[in-house]
Structure formats: structure tokens, C-alpha cells
Amino acid sequence: MFVPAFLQVTLAAKDVEFSGWNGDILAVAVTEKDLQPGAPDSKFENAVLNRLDGQLGGLLSAAAAEEDFTGKPGQSVVLRVQGQAFKRVALIGFVAHNAACLQGLGESVASVAKAAKASSAAIVLASPSVIQGQFKLNAAAAIASGTLISADAAGMVVIECISLM
């Protein structure tokens, strides 16, 4: 007799401090503009990436350079980290042109989580301003939809937190 396995997924939009988030994968959604060279004393133009890179001792900027990560949709870099509340950090390239693009971001996060056998993930936008305030709820819904599609197809992950900060 076949007994279907049920997928448990919890999604929540939270305004939380990402640097202390406790879970398996902190997925940072990055656009190409976020990775343009900044001032001589910073490795990223983006303040969120600079702060996280500093917290990780330069690991993000080194990995982005080494892996030729440019923030294009479909690109991702996943790093195991030590001494943090989260176990891994992922840079995931995306654009925020429409709901389909944001759904693709959710699918990418679910794929990364599946590959890492993660049970929780948080999504942080490196540039929250790419999504206007009145559209944040719709953006979260599109990201959640993509996450559910990929999670269902893979039959795996619990996505615990979506943070559009």
C-alpha cells in the first residue's frame, strides 16, 4: 500500500536582524548592482553584503571573486560557515522585474536547501529597496510560491523564514 509523504512547510515574512538568524541556510538574494565595485575600502557597494562579509571575515567577497559570482539569475554560491548562528550562507543571483523572477528566487533557495539537506532557510534581500513597500507582500507570496513548487517537487525542505527586511 502506498502512503503519501506530506511536506511540511512553514513560511513567515519577518523583519528580523539577519546576522543573528538561527538556522541552516541564510540565503542572500543579490542583484548585479549589489556587486558593482564600491569605494576602495569596501569590497561590496551594498551595505548588507559589506556587513555580512565583515561578520564572516571577508569570506563572501573572496568567494564571490573566486567563483566569478556576479548576481545574475541562476547563479549561486553556498559556503559552510563556522561560529555563526546559521550553518551556511548562500549568495543567490536574481532580478526583481516581476513575480516570475521572484518565484525563480524561491525555487533557487529551495534547490540550494535540498542540496545542503537543510531543514530551515531564511531569505534576505541584499537591497530591500528593489521591492517597493506596497509590493512586499506580493513579493513574499511569489517567493513562497517558488519555494513550494521546488520543495514539493523535491519532497524535502522546511522553509522557515522569508525576510524582506
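Contact here means heavy atoms within 4.5 Å. By that criterion, in this predicted model, the buried residues of α2 pack against α1, β2 and β3. These buried residues are Leu 60, Ser 61, Ala 63 and Ala 64. They lie on the same side of α2, because they cover an arc of only 165° around the axis. An α-helix has 3.6 residues a turn, so residues three or four places apart point the same way. The face of α2 turned away from the buried side carries exposed Ala 65 and Glu 66. Just after α2, Asp 68 adopts a positive phi of about 55°.

The largest nonpolar core comprises 24 residues. Leu 26, Val 28, Leu 52 and Val 89 touch the most other members. At least two residues of this core come from each of β1 (23–30), α1 (47–55), α2 (59–66), β2 (76–80), β3 (86–93) and β4 (121–125). Contacts of Val 89, leaving aside residues up to four places away in sequence, include Leu 26, Val 28, Leu 52, Leu 60 and Val 77. Another core, of 20 residues, lies apart from the largest one. Among its members are Phe 94, Leu 125, Ile 131 and Ala 142.

Charge pairing was also examined. The whole structure contains 1 salt bridge. Its partners are the side chains of Asp 24 and Lys 87, at 3.2 Å from N to O. Asp 24 lies in strand β1 and Lys 87 in strand β3, so the pair ties together parts that are 63 residues apart in sequence. Asp 24 is buried, at 9% relative accessible area. Lys 87 is partly exposed, at 41% relative accessibility.

Terms used. Residues are numbered from 1 along each chain as its sequence is written. This is a predicted model: local features need pLDDT of at least 70, side-chain atom pairs count only at pLDDT 80 or more; totals for chains, interfaces and linings use all residues. Side-chain values use heavy atoms; hydrogens and water are left out. A nonpolar core is a set of buried Ala, Val, Leu, Ile, Met, Phe, Trp, Tyr and Cys residues joined through side-chain atoms within 4.5 Å. Buried means under 20% relative accessible area, exposed over 50%, partly exposed in between (1.4 Å probe, protein chains only). Helices (H or I, at least four residues) and strands (E, at least two) are DSSP runs, numbered from the N terminus. The arc is that of the directions from the helix axis to the C-beta atoms. A salt bridge is a side-chain nitrogen of Lys or Arg within 4 Å of a carboxyl oxygen of Asp or Glu.
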